Amino acid sequence: MIDLRSDTVTRPTVTMKEVMMEAEVGDDVFGEDVTINTLEKKAANYFGMEAGLFCPSGTMTNQIAIKLHSGPLTEVICDQKSHVYLYEGGGIAYNSMASVRLLDGDRGRITAEMIADNINNPDDIHAPVSKLVSLENTMNKGGGCFYDFQEIEKISKLCKEKGLKLHLDGARLFNALVASKDNAEKYGEHFNTISICLSKGLGCPVGSVLLGSVEDIKKARRIRKVLGGGMRQAGFLAAAGIYALDNHIERLSEDHERAKKLAYALQDKSYVEKVLPVDTNIVIFTLSDKMLAADFVNKLKESGILAVTFGKHDVRFVTHLDFNDQQLEKCIEIISKL
């Protein structure tokens with residue numbers, strides 16, 4: 001089967017597995033896992049931040065950050081397509097007891113002007129206190145689009161002026177960096193916390209890292225413990241992250257090119273109404289009204305392609321480390337015959 005359901009389906013490469021098996025490990029709750037400590041420092045330095053915290057998942061890093069910056073009687077501002085709102089099990093309400101202000105951005109990208117119009121008056125006892133702005137880059141539901149860094153700078157300036165914290169769900173941030181050529185260290189200047197995922201485009205089996213100040217990461221470590229995320233000899237997993245940061249970032253451009261070719265193959269098909277612009281490794285397309293996404297995904301499966309529905313008539317493909325040029329050609333051939 002050609003698996004285009006997500007970039008989370010990748011398996012460790014042979015070399016990555018060798019590196020994992022050779023990792024030096026210790027008890028991470030005691031701060032004694034040398035490999036985890038190295039990964040956390042390496043990831044923090046990459047983005048010009050002070051410290052990092054290795055966690056099992058991006059949902060955990062996001063939820064820790066939200067709990068760190070918000071709480072009862074406060075509000076989180078994000079786009080209505082945000083992963084932290086749609087795909088994390090209602091965690092904002094459950095973990096942080098915070099309200100959410102949903103904005104309708106451009107394919108999930110919100111602006112400083114939109115945020116400014118939705119910050120509550122802190123003296124109005126009828127409204128929750130605006131505390132946190134959460135951005136997503138790249139935007140999953142927006143077809144892998146990414147932010148113009150100048151807009152991030154505007155949002156950061158606004159948050160500082162208004163006393164709001166700024167978090168980045170950077171699950172696919174490396175895809176954005178490769179496509180935009182932005183400086184990774186600049187991100188650390190504008191966000192209080194950044195969540196990066198190692199098990200998507202970078203091809204690791206497990207793990208995300210939360211980045212922030214020494215003070216914030218110290219508090220985050222306590223929250224991780226409460227959420228059950230304290231790990232012991234997890235350096236085997238962290239070793240994969242170190243290898244990926246050293247070897248799997250620049251190759252993301254290959255995934256982007258293959259995604260563009262898939263989109264081009266879909267554009268002139270009678271069963272496709274539209275294809276969202278492809279900026280990175282995600283292809284989202286809308287089927288004609290006569291075809292349901294669930295039925296189309298089943299047809300794809302019968303032909304040897306795995307995909308996911310992304311709405312009543314929407315389907316998503318995601319290219320990744322384990323999707324090669326031969327599979328791309330086969331995929332295009334199947335699409336042309338449907």
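This is a predicted model: local features need pLDDT of at least 70, side-chain atom pairs count only at pLDDT 80 or more; totals for chains, interfaces and linings use all residues.
Residues are numbered from 1 along each chain as its sequence is written, and side-chain values use heavy atoms, with hydrogens and water left out.

Let me begin with the sheet, which is open and has seven strands in the order E2-E8-E7-E6-E5-E3-E4, with mixed pairing; strands here are DSSP runs of E of at least two residues, and helices are runs of H or I of at least four, and two strands pair if DSSP finds at least two bridges between them. Strand E2 (51-55) and strand E4 (99-103) are the edge strands, each pairing on one side only. E2 pairs with strand E8 (residues 208-212) in the antiparallel sense over five bridges, and cysteine 55 has serine 208 in E8 as its bridge partner.

Turning to the helices, H2 (residues 34-46) lies across E2, strand E7 (193-197) and E8, running at about 125 degrees to E2, whereas H8 (residues 173-180) lies across strand E6 (165-170) and E7, at about 95 degrees to E7; these angles run from 0 to 180 degrees between N-to-C directions, with axes fitted to C-alpha atoms, for helices over the stretch in contact, and contact means heavy atoms within 4.5 Å.

Finally, where is lysine 200 found? Lysine 200 sits in the loop between E7 and E8, and, leaving aside neighbours within four places in sequence, it is in contact with Asp7, Thr8, Thr10, Ala171 and Arg172.
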